[in-house]
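Please keep the sequence and the model in view while reading.

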Amino acid sequence: MASGMTQVPFQEIVAHEAHTQEQHPVSIKDGASPLDPNWAATTEGEKDKNVALAEALARDRSVKEQKILAQRKLVHFQEEEVNIFEANVKEARQLYDSQLAEQRLAEMRQRIAAEDLIKDEGRKIQLVQLVNKMAILKSRTTQMDEAREREIAFRDKVKLRREMHTVRVKKMEERQRREREELLTTQQRVARNFRMMQAIQIRSLDEVSKRRVLREFHVQAQQLSMKQQKEAEQLREIQLLKIRHASEVVQLELSNLTEIEELHAEQRLKEMELEESNSLHLQGEEEKLAEQQGKLKALQLKEEQKTLKSHLKSAQKRQGKQLDRQQRHSAKLREKAVLAETAALIGGESMLTAGGSDIDASESYADSSSFTGTSTASGSDYGDDASSDAEDIAAGADAAVPGAAGEGVADGRRKRRVKNDAEAELVEALTKGQERLTNLFQHQKKMVEELRIYHKEVRSQKAREHKRKMGELIKDHEDEHRNVKTEQAQEMEELLETIANQDLVSAQQSSFDKQMDTVVSNQLLGNMLPKEIAEELKQGRNPQPASFDSVTLFFTDIQGFKDLANRSQPRQIVALLNRMYIAFDEVIARHPDLYKVETVMDSFMVCSGLGGKTQKTEDERRHDAAAAAECALQLFEECSSINMSDQNASEFNLRLGMHCGPVLGGVIGTKMPHYCLFGDTVNTASRMCSTGEKLKIQISENLKDLLHDKFVIEERGVIAVKGKGEMKTFWLLGRK
């Protein structure tokens, strides 16, 4: 850094003065001495010459002193330069140390950032794994709870089915017991009639004929007893066969249900295992994607750290170069100032001695030039030795200065391009990973759906197989029942071969009587109960109570019936009610969808909508309401044809109230079963009748919404109804 500075050693100055003395000696005559008396006689010319020589020596000494002073200033300047150079070296080393510390701190921060990234990714993966494990555990727990609940529900269902079968068997046994009792009663009646006929036949016979006929009658009685016993045995056999068939059917149904439930549970377990396997596979792919994402992030972070490190090194290098240039520039400025000052000083003294000195000017200029050159060379050598440390710190900096800016811009662009490429690679990897996960999820979903479809087909096939087994079992039961019937018929034929024609006629008459009894009982049962309920009772089933979401009810009564009953004779009231019942029963019989629930004195309760389903659609509700309204209008039309000539009233003051809504229905009683309806709808329909007017049909607002399309309806207004408060009612006037 101080290679251009000059330094003149003191030894060179002494040598230069000696050389000058040799070139210009003092002229003294040979053999003369100042003590010599002749010395005073020296010529005036020699004195002048000596005076000039003394002045020249004085001027030369002054020049030498100025040169020595300049040399001392140069030495002092050199010492200051050495101190400045040492300070610059120290500053450069401090800058190097601070840059090194900054690099180490940056590397430590980058290492910490990388470790934090790795830890964060690891924690994230652990958290995702924990969440997935918790989800799987929760799913397993939920599925186990559902399986337990289904198992409990299935056990309850099987238990209820067995209990229902037990109740059904008891009812079958009770019905069969009644059948046996009926058969026994019929047989006893036949035997009693047979004995009565025998007694009548033997009244007019003599003793011989009587004994013969009695023996024949005894044989016939034995035959009849045998026949009746055989019928009872066959009936019992058929009854036991029916119970056994019913038990086998129920057992097969329970076996099929158990098999279906076990198959369903096994299929659910397989589906659960497949879903769990798919979930684990998907989680593994997600973990791989997360790991790949972490690696790409780490790689991107590494590239960013390299970029930052390179930027830091470039900035530090530029900072060192700038410091080195500043120090060199300052040293050159100081050196130029000192050299200019020294040159000016030396040049001024030379001009003072130019006119009157014997010394050659060219010689002085040569001496000054040699002195300056020697000093410059010496200073250059010293500067080269002193600046070695600084050049080691900034080695190779001078060669890189001209193109540093352009290279920095190109390097920045290249690193930004690398960073953008890394980000694009990360985004592309993430996109591909998401697509792979989506495809895997769709594939797994498709596998689960295919497995469920397969399981559904297996269950359908199993259901068809169960249906086939049930059909085969029922067919076997029918064949067995048919075979038993055939065997019983053959046995009865064999038994009847020994019975006379009279016995056959008697048996046919008994069978006819039994059929007639059955027809009459069926008619009575049909009048007492709804058609569906009667069919269930005839088939031996116990009708279960039902809840109907919508039926239409109407009540009828005669306004002022109590006063009329008090003013009339019993025969008049009975005759009036008999005419009304006959007329109303004929009208109700025209409507198969209507059922007469009950009759109390002058009141009729009729219901529409008890047959078929308990849950009705809007069209079915409108149909039931229209059927009830049509029947009510026909009842009013029949009132005009009722004969009132023998009554204490001039007209038949019928009133009718209608309402629709939900009811509960069930069979009450065993000896005289009666079908009863319960619910608020019954009470509201009764209030519609009791708050109505004579020869008018009062309906509720609910029923009005169902009838306004086909019937003429007039608003009555808001009335007070007991137990209901205020209600808005309407009059049904007729058909549209």
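A nonpolar core is a set of buried Ala, Val, Leu, Ile, Met, Phe, Trp, Tyr and Cys residues joined through side-chain atoms within 4.5 Å; buried means under 20% relative accessible area, exposed over 50%, and partly exposed in between, with a 1.4 Å probe and protein chains only. The model is predicted, so local features need pLDDT of at least 70 and side-chain atom pairs count only at pLDDT 80 or more, while totals for chains, interfaces and linings use all residues. Residues are numbered from 1 along each chain as its sequence is written, and side-chain values use heavy atoms, with hydrogens and water left out.

In soluble globular proteins, nonpolar side chains tend to be buried together. Here the largest nonpolar core has 41 residues, and Phe-554, Phe-584, Phe-652, Leu-656, Met-658, Ile-697 and Ile-699 have the most contacts inside it. Helix H12 gives the most to this core, with 11 residues; helices (H or I, at least four residues) and strands (E, at least two) are DSSP runs, numbered from the N terminus. A second, separate core of 18 residues includes Ala-546, Leu-553, Val-597 and Ala-685.

Phe-652 touches, among others, Leu-576, Met-580, Phe-584, Cys-639 and Leu-695, leaving aside residues up to four places away in sequence. Contact here means heavy atoms within 4.5 Å.

Which residues of H11 meet H12? Ala-583, Phe-584, Val-587 and Ile-588 in H11 do so, and their partners in H12 are Cys-631, Gln-634, Leu-635, Glu-638 and Cys-639. The axes of H11 (residues 570-589) and H12 (residues 618-639) come within 10 Å and cross at roughly 145°. Such axes are lines fitted to C-alpha atoms, for helices over the stretch in contact, and angles run from 0 to 180 degrees between N-to-C directions.

Leu-695 counts as partly exposed because its relative accessibility is 42%. Met-601, in the loop between strand E2 (594-600) and strand E3 (603-608), likewise is not a glycine and has a positive phi of about 55°.
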